[in-house]
Amino acid sequence: MVKIYSLLKRMLILSVLIFPLISAAQQTAIVSGKVVDNMGAPIPQAYVFINFSAFKAVTGNDGKYNLTIPADTLVKITVSHIGFIERNFKVSLKPGENKKKNFNLEVREMHSVDIIGESKSKGNMEEINVK
């Protein structure tokens, strides 16, 4: 009888300690939307993320994303893609809440890029070196 009581007591203590951890892990919200360029075309493979965290998403070919964020916390969401100016957005949502947020990224002005290459033929193969 003492062993059963001791086992039940341990299970109760363990469940009291684990339950808050499980509840805290489920305290999230969702931000979703679309990332487009200044012409309205979707930007595939854009990164949508919270800096220094595991909360991140990548847009699909249609420019759409779904980002899970921690609830009840003010977070700064960053959207970036090579060749575009980065955008930021601050938001705080309640647990289970969904918010739609679209981003319009402007093209970053690119300066000239010099590509230097040389070609060498070796039998039927051609070797190209780009520097």
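In what order do the four strands of the open sheet stand? The order is S3-S2-S5-S6, and the pairing is antiparallel. Strands here are DSSP runs (E, at least two residues), numbered from the N terminus. Two strands pair if DSSP finds at least two bridges between them. S3 and strand S6 (87-91) are the edge strands, each pairing on one side only. From one strand to the next, the twist averages 15 degrees. Axes for such angles are lines fitted to C-alpha atoms, and angles run from 0 to 180 degrees between N-to-C directions.

This is a predicted model: local features need pLDDT of at least 70, side-chain atom pairs count only at pLDDT 80 or more, and totals for chains, interfaces and linings use all residues. Residues are numbered from 1 along each chain as its sequence is written, and side-chain values use heavy atoms, with hydrogens and water left out.

Strand S5 (residues 75-80) pairs with S6 in the antiparallel sense over five bridges. Val 79 stands opposite Arg 87 in S6.

Thr 59 sits between strand S3 (56-58) and strand S4 (64-70). Thr 59 counts as buried because its relative accessibility is 1%; buried means under 20% relative accessible area (1.4 Å probe, protein chains only).

What does the Thr 59 side chain reach at 2.8 Å? The backbone nitrogen of Ala 46. Beyond four places in sequence, Thr 59 touches residues including Val 35, Ile 43, Pro 44 and Tyr 65, where contact means heavy atoms within 4.5 Å.

Methods:
Buried < 20%, exposed > 50% of the residue type's maximum accessible area, 1.4 Å probe, protein only. Polar contact = N/O pair within 3.5 Å; in protein donor to acceptor, adjacent residues only side chain to side chain.
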